Amino acid sequence: MSVKIDTATQNDIEDIDTLWREAFVGDEPRHRAAAVVPLKLAFQPDLFLVAREDGTLIGSVMAGYDGYRGHIYRVAVRVSHRRQGIGVLLMHAAEDRLRALGCIKINLQVRAENSAVADFYRNLGYEIETHTDMSKAIS
């Protein structure tokens, strides 16, 4: 397996949409690639990474940096390619890019019912912190 990590481009939207629909079943339309990818590519595009095997998109991760903390979002790997280290490659690449910007701490969110994903992050050194997340949709 020869996996290459690249920065996502506009040309990847359709493939990212396919990946995300597989990885994030039941997601709201506002989380779909057509809505998210152009916004991310307009802001910190170097922090939106994709994994490719022989030119085929098989994974993605979005990161953000606010000048103090980093954030990781939308880590996804095709079902057919899971448990092969691709998620780890994507996470390490995102962490490296955040570190290069001066980031000293990375936050991410995991849905409470998704214990398998929490275990994946724990194995990468992430810890559960006790906070209450709050959000507000403004559009």
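Predicted model: local features only at pLDDT ≥ 70, side-chain atom pairs only at ≥ 80, totals over all residues.

Biologist: How do you know whether the radius of gyration agrees with a compact globule?

Modeller: Set the value against the rule: for 139 residues, a compact globule would come out near 14 Å, and the chain has 15 Å, so the two agree.

Biologist: On to the rings. Why is the pair of tryptophan 20 and phenylalanine 48 called stacked?

Modeller: Check the distance, then the angle. Ring centres must lie within 6.5 Å to pair, and here they are 6.2 Å apart. Planes under 30 degrees apart count as stacked; these are at 25 degrees, so the pair is stacked.

Biologist: What makes this pair a tie between parts of the chain?

Modeller: Tryptophan 20 is in helix α1 and phenylalanine 48 is in strand β2, so the pair ties together parts 28 residues apart in sequence. Both tryptophan 20 and phenylalanine 48 are buried.

Biologist: Which residues form an aromatic cluster?

Modeller: Trp20, Phe24 and Phe48 form one. Arginine 74 comes in here too: its charged end sits over the ring of tryptophan 20, 4.5 Å from the centre. The charged end of arginine 74 also sits over the ring of phenylalanine 24, at 4.1 Å from the centre.

Biologist: Why is the pair of phenylalanine 120 and tyrosine 121 called edge-to-face?

Modeller: Their planes are 70 degrees apart, with 5.1 Å from centre to centre. Over 60 degrees counts as edge-to-face, so the label follows.

Biologist: Are phenylalanine 120 and tyrosine 121 buried or partly exposed?

Modeller: Buried means under 20% relative accessible area. Tyrosine 121 has 9%, so tyrosine 121 is buried. Phenylalanine 120 has 26%, so phenylalanine 120 counts as partly exposed.

Biologist: Last one: how do you know whether the span of helix α3 agrees with its number of residues?

Modeller: With 15 residues at 1.5 Å a residue, helix α3 should span 21 Å; its end C-alpha atoms are 21 Å apart, so the span agrees. The buried residues of α3, including Leu90 and Met91, pack against β1, β2, β3, β4, β5 and α4. Just after α3, glycine 102 has a positive phi of about 100 degrees.

Conventions:
Residues numbered from 1 in each chain as written. Heavy atoms only, no water. Phe/Tyr/Trp six-rings, centres within 6.5 Å; stacked < 30°, edge-to-face > 60°. Helix = DSSP H or I, 4+ residues; strand = E, 2+ residues; numbered from the N terminus. Buried < 20%, exposed > 50% of the residue type's maximum accessible area, 1.4 Å probe, protein only. Lys NZ or Arg CZ within 6 Å of the ring centre and 35° of its normal. Expected span 1.5 Å × (residues − 1). Contact = heavy atoms within 4.5 Å. Rg over C-alpha atoms; globule rule 2.2 N^0.38 Å.
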